[in-house]
Amino acid sequence: KCNYCAHRVELNLEPACVIVCPTQAIISGDLDDARSRISRIVASHNVSARKPEKGTQPKLFYVGIDVDLLEPTAPAHRDTHLWADKQAGEDPYKFPDADAADSAPGAPRVVYDVAHPAPWGWKIAAYLWTKSIGAGVLIVAATLLALGHTPDAMLGVGSPLLAMLFTAATTALLIWDLKRPDRFYYLLTKPNLSSWVVLGAYVLIAYSGFSFLWLLDYLIFARLDYYIVYPSAALAIAAACYSAFLFAQARGRDLWQSPVFLWHLLFQAVVAGASTILLADALIGSDNARDAALPKIMLVALAASLAAILGEIFRAAPRKEVRMAIGLMTRGELGFRCWLGAIGIGLLLPMLLLAASTGAPLAFEGFAAISALFGVWAFESVFVKAGQAVPLS
């Protein structure tokens, strides 16, 4: 949370941490000024920076430190204390019970650490869940219309209302998660157009507007025109998928750089949208002809979502950080929630229910819809948490 003591630097004063250090262990200055002390030190000493390959252009340099020691996953983590648990005759710099890679004498070992709470929690997982529903209902509705289904109250009124409701919930969760929610309007008045937080907000606003036009088109003309349906469907896809680019901008979180995540968000939106419409039909007792198409659309989306998750889990990850995060999802603390919740209850169970539901009442398929919606939430909560579990410092 360091802001480089901006209130002091603006007055041509040095940051507080610099002036209170008696050994000058911290040196600040203008790196763009070649005559400054810090520029001369960086130019004349062996300096290292943390993860410059991420493209974040780090401006914090360490003098005389091996770059490996700046890698948070390099030191060995032990459940014993370096000196307090030392046995008689034991070399404290050699750990015979350790893996071969970090058991050499002098291997770095963590002796002091502080837990850092993850900045993104349940609100971000909930935002992804509500956004999947809000975008998915119009993706599925547009798909049904393209397949020749006649617009009715569910497709013309229920779907856009659900889209606006869950998109509004998505926006509320995003604003709530801001550290200064009272400044959310800066997204509009002082936009940073290179940020997907800003671009995503614009997508949600445009999508909400076209959802309203979809509703008006049906209420006024009792039809759904292609010049409303097709742009709405395109914006629904954008609303579902833009979070992949937003997560990828968190360059320190290697799991979130996944090339599969965008496709998973799209498949997930179709699952959530089909489940919501199917559940609404079950609640109102509809016998519309689309009821034969909805389970098929949902079944295909569930299979695609399962393939995306398995591709995420079993892909050949080149970086150790990705392998650590995936290991947490599959074998670690989050393994139970991933395998049982996201895959078992959320994907396999609804696929079996839908495959066996031929001729069954809509309530049977409604249970599959509830199970699928739970699976969407379960995977998003796992993915958000696993991505932040690998230490950055």
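Trainee: How many residues does the largest nonpolar core have?

Mentor: The model is a predicted one. In its largest nonpolar core, Trp214, Phe247, Leu255, Met298 and Leu302 are the residues with the most contacts inside the core. The number of residues in this core is 85.

Trainee: Which residues does Met298 touch, not counting residues up to four places away in sequence?

Mentor: Met298 is among the residues with the most contacts inside the largest nonpolar core. With residues up to four places away in sequence left out, Met298 touches Ala274, Ser275, Leu278, Leu354, Ala368, Ala369 and Ala372.

Trainee: How many aromatic pairs does a search of the whole structure find?

Mentor: The search covers the whole structure. The number of aromatic pairs found is 13.

Trainee: Are the rings of Trp129 and Phe166 stacked or edge-to-face?

Mentor: The ring centres of Trp129 and Phe166 lie 6.5 Å apart, and their planes meet at 80 degrees. Planes over 60 degrees apart count as edge-to-face. The pair of Trp129 and Phe166 is therefore edge-to-face.

Trainee: How many residues apart are Trp129 and Phe166?

Mentor: Trp129 belongs to helix α4, whereas Phe166 belongs to helix α5 (residues 153–177). The pair thus links distant parts of the chain, and the separation is 37 residues.

Trainee: Is Phe166 buried or exposed?

Mentor: Buried means under 20% relative accessible area. Trp129, at 25% relative accessibility, counts as partly exposed. Phe166 has a relative accessibility of 18%, so Phe166 counts as buried.

Trainee: What is the angle between the planes of Tyr185 and Tyr186?

Mentor: Tyr185 is partly exposed, with a relative accessible area of 39%, and Tyr186, at 29% relative accessibility, also counts as partly exposed. Tyr185 and Tyr186 form an edge-to-face aromatic pair, 4.9 Å centre to centre. The angle between their planes is 75 degrees.

Trainee: Which lysine lies over the face of Tyr186?

Mentor: Over the face of Tyr242 lies Lys131, at 4.9 Å from the ring centre. For Tyr186, the distance from the ring centre is 4.7 Å, and the residue is Lys190.

Trainee: What distance separates the C-alpha atoms of Pro391 and Glu71?

Mentor: Pro391 is found in the segment after α13 (362–387), and at 29% relative accessibility it counts as partly exposed. Pro391 and Glu71 are 320 residues apart along the chain. Their C-alpha atoms are separated by 9.3 Å.

Definitions and conventions: Residues numbered from 1 in each chain as written. Predicted model: local features only at pLDDT ≥ 70, side-chain atom pairs only at ≥ 80, totals over all residues. Heavy atoms only, no water. Core = buried A, V, L, I, M, F, W, Y, C linked by side-chain atoms within 4.5 Å. Buried < 20%, exposed > 50% of the residue type's maximum accessible area, 1.4 Å probe, protein only. Contact = heavy atoms within 4.5 Å. Phe/Tyr/Trp six-rings, centres within 6.5 Å; stacked < 30°, edge-to-face > 60°. Helix = DSSP H or I, 4+ residues; strand = E, 2+ residues; numbered from the N terminus. Lys NZ or Arg CZ within 6 Å of the ring centre and 35° of its normal.
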